[in-house]
Amino acid sequence: MQTWLSIDEFAKLIGKSPNEIKTLCRNKKLNYKKENNTIYIEAQAGTKSLIPMTTELEIIEDNKGTVLEKTISTILTLHEKVLEAKDETITTMKGENDFLKSTVISVQEIYDEDRKTIETLQKQLKIAQEELEFCRRKYKLMWGKVIKGKGKEDE
């Protein structure tokens, strides 16, 4: 199945200008068709002709194969750099995870302390309310009166 893209879409896809694409069409490097004054490029064949595949690359060797050795050396160097970057990323992530873990533990400890403080305050409030009620009953028994409102007494 062929996929046809307008010249502008194809230019965006491969990162070239529409004028460069037109030149490639004139040089018969791309499959194209023209409909309604719009040029369409066949996407799959066009990208294959512009982007060489790895298996199609030619390696020119001299008698000792130094180009191949340099290529392999370059690949190994890049591989080592990727591994170093990966290890560095892992170390950084472990450090961040340890920091986040200690932060969560600290927040949990603060929460537990606050909860204990709230429980203590609730107990103290309950005791104070019980003492106030006891004082009201005692006052009523001693004087036969209960204070209601501000400075008003009922009998």
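This report describes the fold, the surface and two residues of a predicted protein model.

## Basis of the model

The model is predicted: local features need pLDDT of at least 70, side-chain atom pairs count only at pLDDT 80 or more, and totals for chains, interfaces and linings use all residues. Residues are numbered from 1 along each chain as its sequence is written, and side-chain values use heavy atoms, with hydrogens and water left out.

## Overall fold

The protein has four helices and five strands. These are DSSP runs numbered from the N terminus: helices are H or I with at least four residues, strands are E with at least two. Starting at the N terminus, the order of elements is β-α-α-β-β-α-α-β-β.

The protein has 155 residues, and 10% of them count as buried. Buried means under 20% relative accessible area, exposed means over 50%, and partly exposed lies in between (1.4 Å probe, protein chains only).

## Ser6 in strand β1

Ser6 lies in strand β1, which covers residues 4–6. Ser6 is buried, because its relative accessible area is 16%. Leaving aside residues up to four places away in sequence, Ser6 touches Thr38, Ile39 and Tyr40. A contact here means heavy atoms within 4.5 Å.

Across the protein, contacts with a separation of 6 or more include 40% between residues 24 or more positions apart.

## Glu84 in helix α4

Helix α4 spans residues 66–143 and contains Glu84. With a relative accessible area of 54%, Glu84 is exposed.
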